[in-house]
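Hi,

Here is the structure I promised to pass on. Have a look at it first, and my notes on what turned up follow below.

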Amino acid sequence: VFSIFVLIKASPFGNLFPPDNFLCGASGAGNNWAKGHYTEGAELIEEVLDVVRKEAEGCDCPQGFQICHSLGGGTGSGMGTLLLLKIRDAYPDRITATFSVFPSPKVSDVVVEPYNATLSIHQLLENADEVFVVDNEALYNISHNVLKQPQPTYAQLN
């Protein structure tokens, strides 16, 4: 789990994030929306909100919030929608926009991804002002059919 933080910090984008904005839980949500929303995510959400609050207070006039998350796994779908709910509660007059990556069987073989996405949709409808749908299957098809990449990798899709 910690290796992903090391990779992000070492990447060209590593300097975009202050080191104390990185938070890590003891375990992931295990591809389970309910664990991300009610158990694992609920344990970590106050620390996440403290970071969000600190960043918002550092702005002169924050207009809104953007959340980039995947709806296939438990953390992106469950904790992502929990974060959206908490941001809506704390900042009801600010615009919330999500860039939500919807799952595709061509990119992943995790059987519960459609369920996680379905459970997330209700939260997105209730708590987001704008939802930008990123279709993993469409990205895969563009990479494969237009860009002629026989087996697109995660790096190429992202």
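Predicted model: local features only at pLDDT ≥ 70, side-chain atom pairs only at ≥ 80, totals over all residues.

One face to look at in H4 is the buried set: Glu113, Asn116, Ala117, Ser120, Gln123, Leu124 and Asn127. What do they pack against? The buried residues of H4 sit against helices H2 (33-57) and H3 (74-90), plus strands E1 (64-70), E2 (95-102) and E3 (130-135).

Now the charged pairs. As a general point, side chains of opposite charge can pair when their charged atoms come close. There are 4 salt bridges in the structure, and here are some notes on them.

- Aspartate 129 bridges to arginine 88, with the closest N and O atoms 3.0 Å apart. This pair ties together distant parts of the chain, 41 residues apart: aspartate 129 is in the loop between H4 and E3, while arginine 88 belongs to helix H3. Aspartate 129 is partly exposed at 46% relative accessible area, whereas arginine 88 counts as buried because its relative accessibility is 15%, under the 20% cut-off.
- Aspartate 50 pairs with arginine 53, closest N and O atoms 2.7 Å apart. Both are in helix H2, 3 residues apart, or about one turn of the helix. Aspartate 50 is partly exposed at 44%, and arginine 53 is partly exposed too, at 32%.
- Arginine 94 meets aspartate 93 at 3.6 Å, N to O. Arginine 94 is partly exposed, with 26% relative accessibility, and aspartate 93 is exposed at 57%.

For cysteine 24, the nearest cysteine sulfur is that of cysteine 68, 20 Å away. Cysteine 68 has its closest cysteine sulfur in cysteine 59, but 16 Å is too far for a bond, given that a disulfide needs the sulfurs within 2.5 Å. Cysteine 68 is exposed at 63% relative accessible area, and cysteine 24 is partly exposed at 28%.

Last, the surface. Ile4, Leu7, Ile8, Phe13, Leu16 and Phe17 make a nonpolar patch of about 620 Å². Of these, leucine 7 lies in helix H1 (residues 2-10) and counts as exposed, with 57% relative accessibility.

Cheers

Terms used: Residues numbered from 1 in each chain as written. Heavy atoms only, no water. Patch = residues over 30% accessible without salt bridge, like charges linked within 9 Å, V, L, I, M, F, W, Y side chains within 5 Å. Areas by Shrake-Rupley, 256 points an atom, 1.4 Å probe, with all protein chains shown as cover. Salt bridge = Lys/Arg side-chain N within 4 Å of Asp/Glu carboxyl O. Helix = DSSP H or I, 4+ residues; strand = E, 2+ residues; numbered from the N terminus. Buried < 20%, exposed > 50% of the residue type's maximum accessible area, 1.4 Å probe, protein only. Contact = heavy atoms within 4.5 Å.
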